[in-house]
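Here is a short report on one protein chain and its ligand. Please look over the sequence and structure first.

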Amino acid sequence: MPGVDVNAFFADRTDASGGTSVEGFRCGYIAIVGRPNVGKSTLMNQLIGAKVSITSRKAQTTRHRITGIQTVEDAQFIYVDTPGFQTRHSNALNKTLNKTVSNTLTASDVVLFVIEAGTFGPADQQVLDLLPKNVPVILVINKSDHMKDKATLMPFAQKVAALRDFTAIVPVSAKLRFQIDALEREIRNHLPENPPVFGADDITDRSEKFLAAEIVREKVFRLLGDELPYTSTVIIEQFLQEGNLRRIFAAILVERDTHKSMIIGNKGARLKEISTQSRLDMEKLFGGPVYLEIWVKVKSGWADNEAGLRAYGYE
Ligand SMILES: Nc1nc2c(ncn2[C@@H]2O[C@H](COP(=O)(O)OP(=O)(O)OP(=O)(O)O)[C@@H](O)[C@H]2O)c(=O)[nH]1
Ligand SMILES: [Mg+2]
């Protein structure tokens with residue numbers, strides 16, 4: 001072709017992940033932080049349009065750094081959901097959870113600082129004090145559906161806005177998907193120009209085995225509510241794939257015999273419910289049939305020592 005430098009035309013326009021145009025492509029890490037229970041995980045799931053992070057009305061639902069990925073034509077959003085920052089007890093588990101939050105913050109391009117509409121207390125302030133100075137921080141006022149009187153939202157937002165130089169302030173309702181697209185547009189503006197890190201169809205960097213354990217833990221949290229202390233966890237003892245079928249053997253670990261009988265319930269009814277709900281969620285997320293068996297085991301003290309935490313996958 002006369003007059004056209006073919007080499008220059010193709011130079012630097014493709015990357016290793018499959019020929020996506022790199023020029024103008026944005027990609028970055030977005031940390032989602034806040035005190036427990038403000039709706040961080042619900043928000044991340046809405047932002048990526050899939051449920052990779054478990055949610056419940058109990059505080060301390062999220063215990064690991066969980067990545068949720070969304071790729072659009074010209075950008076890849078790598079969200080990192082974190083455990084709610086703990087300010088009450090200082091056992092080994094809580095220290096580990098807080099370390100996860102701090103580590104995530106140091107490696108992020110944008111921070112979503114999530115609070116609940118109408119509430120800003122010492123636990124929120126402690127998280128605010130942790131946020132790095134040189135990274136754009138978007139104040140996300142979640143659960144705005146709780147504020148019946150819209151006129152009170154403005155003065156509340158102004159009060160919190162005075163505490164730091166926020167890049168933007170976005171009231172949302174993660175539950176009702178209100179203003180989620182507006183938030184996404186705002187985030188995109190602050191992502192650096194980078195080629196994508198993950199494939200276009202990836203929604204998380206976590207394994208199916210990890211996600212399976214999380215799904216069971218969500219059902220335990222949701223179906224037992226406040227009866228069960230938060231020191232129960234789930235491990236996957238076997239995860240086998242036979243063609244399209246996944247055979248999963250899970251164990252719920254609790255601290256005492258009384259907790260075990262609470263989970264099993266009258267004639268096994270509660271365990272059956274946990275099992276059925278978990279299986280349905282897994283089938284939806286993995287896109288195929290699942291055979292699931294769950295056992296309940298007593299194992300005390302795991303949350304109080306570092307070795308126990310490492311054994312169950314805490315960083
Ligand atoms: N009304 C209302 N409820 C919400 C909204 N977003 C989340 N929730 C509820 O708030 C509770 C906590 O949500 P999560 O997403 O688990 O909160 P989290 O901040 O991830 O909690 P931790 O992981 O424990 O720190 C759940 O019962 C959600 O359904 C919202 O926009 N409006
Ligand atoms: Mg969470």
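The notes below cover the overall fold, one alanine and the ligand shell.

## Basis

This is a predicted model: local features need pLDDT of at least 70, side-chain atom pairs count only at pLDDT 80 or more, and totals for chains, interfaces and linings use all residues. Residues are numbered from 1 along each chain as its sequence is written, while chains are lettered from A and ligands numbered from 1 in the order in which they are written.

## Overall fold

The protein chain has 10 helices and 9 strands. These are DSSP runs, numbered from the N terminus: helices are H or I with at least four residues, strands E with at least two.

Of its 315 residues, 36% count as buried. Buried means 20 or more other C-beta atoms within 10 Å of the residue's own, with C-beta atoms placed from the backbone. Contacts require C-beta atoms, placed from the backbone, within 7 Å. Of the contacts with a separation of 6 or more, 70% join residues 24 or more positions apart.

## Ala-117

Ala-117 sits in the loop between strand S4 (110-116) and helix H4 (122-130). Why does Ala-117 count as buried? Because 20 other C-beta atoms lie within 10 Å.

Leaving aside neighbours within four places in sequence, Ala-117 contacts residues including Ile-141, His-146, Phe-156 and Pro-171. Ala-157 is 40 residues away along the chain, yet the two C-alpha atoms are 8.3 Å apart.

## Ligand 1

Ligand 1 is surrounded by 23 residues, counted when the C-beta atom, placed from the backbone, lies within 6 Å of the molecule. The closest are Gly-39, Thr-55, Thr-62, Gly-84 and Lys-175. Helix H2 (residues 40-48) gives the most to this shell, with 3 residues.

Terms used: Buried ≥ 20, exposed ≤ 12 C-beta atoms within 10 Å, placed from the backbone. Contact = placed C-beta atoms within 7 Å.
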